Amino acid sequence: MGKTQFDVIVVGGGGSGLACAMAAAQGGADVLLLEKRPKLGGATGLAIGSFTANRTALQRKAGIDDNPDAHEEDAAKFGPPAYQAKNNHALRRFFFDHGADTLEWMGRLGLSFYGPSPEPPNRVPRMYNVVPNAKAYIAAFQLGLLRAGGTILCNAPAEQVLVDGGRVTGVVANVEGERRTFHARVGVVLAAGDYANAPDIIARYRGPEFTAIEGINPHALGDGHRLAEQAGARLVNMEITYGPELRFVPRARDGFEQLLPSKGLAMRAMGMMMPLVPKRVVHWMIKRLLVTWQHPEDAILSDGAILLNREGRRFCNELQSPAREVAVADQADKIAYILMDQRLCERYSAWPHFISTAPEIAYAYVNDYLRLRPDVAVAGNSVAAVASARSLPSAEVQRTVEQYNAFAAGQDEDAFHRTDRPAPLAGNRWVLLGPVKAYFTTTEGGAAIDKHMQVLDGDDRPIPGLYAVGQNGLGGMVLWGHGLHIAWAITSGRLVGTRLGERARQHDETTLPSPPATE
């Protein structure tokens, strides 16, 4: 492609970048979207697709009265209080004013949603799931962008922000191995995702002990944060991360949910049929997603399950997090297994004790994992049976259980300084879950921004021509809880794209030749 001049350049082809690029193009801007990967999607394309908002049409249809102030109060109840104390309340309250409009906007694109679903401590149901999964966002936005005349370049990582006279004027990108310079007449938008898999950034803000822990999205390398800092941006809340936490290693191949239609007439037909589908079927579909991406509850370890490495040995205090996750990342292949005995298998077979959950949508129990994820769950009538099924040394696992039981019975001290007295592991039904790895799920740090998503410098002054959306432009918000990150990604992208589309039209009008003088 020989063209180098555009109105708007968007860096990143996930949910926030595509929403921004499409809105700008539909508003009349000449848009270039740069994506470093061979295909679009980003972290949004890997997600279940939850979207949380208040005052929606679906809430009104269900007779639910809601408002942004109540949503802000409830959002402050999620996650560690120390993190919430650092939240940018003004910006988060602004966000909650615009989520319902974004949901309606997506409905006009043909996207369908199931909900609202409750998620305590939200006082009313506010969470929606896109049909059939988050890939529907990507397909709809990509189609809208192309129909509006936008340009997409994949395999094109942005490497440098161009600054002229204090204004960001474009980017330098590596397009299939060739450095290319692209200029933006109106603005550059950073939409390149988080830094969960950027060890240098994690070490800088969380500490060097966390550098062996991977991001669940292997391509989340902090590209947008680096570009923002390069342009003089102030980064905020970079020490706040979602995780580390233990998660099951995903399947090597795409799961069932990736076979569902994510575009075209099939997707629309599924959306129209969804209100008619029995709830148990919807829950089954979402449970397939749940056992693919969710993490095992900490309560399993608190109740007495133990962690084993490939050698069949314990290696940490299972009750101490994040030291537990750091220890997992130090094991061979960075993996571990969770051993459950008969008591625990029975306990985690029915409400209220579940292996993993997406609140009030689906709860996955032992038998769900044995049925839906045989790659990470195996059952047997003895310790040796489950150990052998995963090629762990049976004799060593049996020795580990005996040592643990001596500690549980009060006959010995624990080698890893546990001071509780759990029940001994026993019985004739055993389950081994895993492999699990320690992951950072996402990160809460981003560029400081104003309510126009314009990036701010160290003196809180807007950097002309530079905008940030999604995980690049969190602006100090803490978005704990399901559905808030995707809601912000798409909402911020929509708002910035709409604004830049308007500015592009104004730019064109002011640069048109003057009409000829009349007598």
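This briefing covers the overall make-up of the protein chain, one of its sheets and one of its helices. The model is predicted. The protein chain has 519 residues, of which 58% count as buried. Its secondary structure comprises 18 helices and 23 strands.

**Whole chain**
- Among contacts with a separation of 6 or more, 73% are between residues 24 or more positions apart.

- Three strands form an open sheet in the order 3-5-4, and their pairing is antiparallel.
- Strand 3 (50-52) and strand 4 (113-117) are the edge strands, each pairing on one side only.
- On average, and with direction ignored, neighbouring strands of this sheet are turned by 25° against each other.
- Strand 3 and strand 5 (residues 127-130) run antiparallel and are joined by three bridges.
- Phenylalanine 51 has tyrosine 128, in strand 5, as its bridge partner.

**Helix 17**
- Helix 17 (residues 394-408) has 15 residues, so at 1.5 Å a residue it should span 21 Å; its end C-alpha atoms are 21 Å apart, in agreement with that value.
- Buried residues of helix 17 include Glu396, Val397, Thr400, Val401 and Tyr404, as well as Asn405, Ala406, Phe407 and Ala408 towards the end of the helix.
- These buried residues pack against strand 14 (306-308), strand 15 (336-340), helix 16 (383-389) and strand 19 (430-440).

Methods: Residues numbered from 1 in each chain as written. Predicted model: local features only at pLDDT ≥ 70, side-chain atom pairs only at ≥ 80, totals over all residues. Heavy atoms only, no water. Helix = DSSP H or I, 4+ residues; strand = E, 2+ residues; numbered from the N terminus. Buried < 20%, exposed > 50% of the residue type's maximum accessible area, 1.4 Å probe, protein only. Contact = heavy atoms within 4.5 Å. Pairing = 2+ DSSP bridges. Axes fitted to C-alpha atoms, helices over the stretch in contact; angles between N-to-C directions. Expected span 1.5 Å × (residues − 1).
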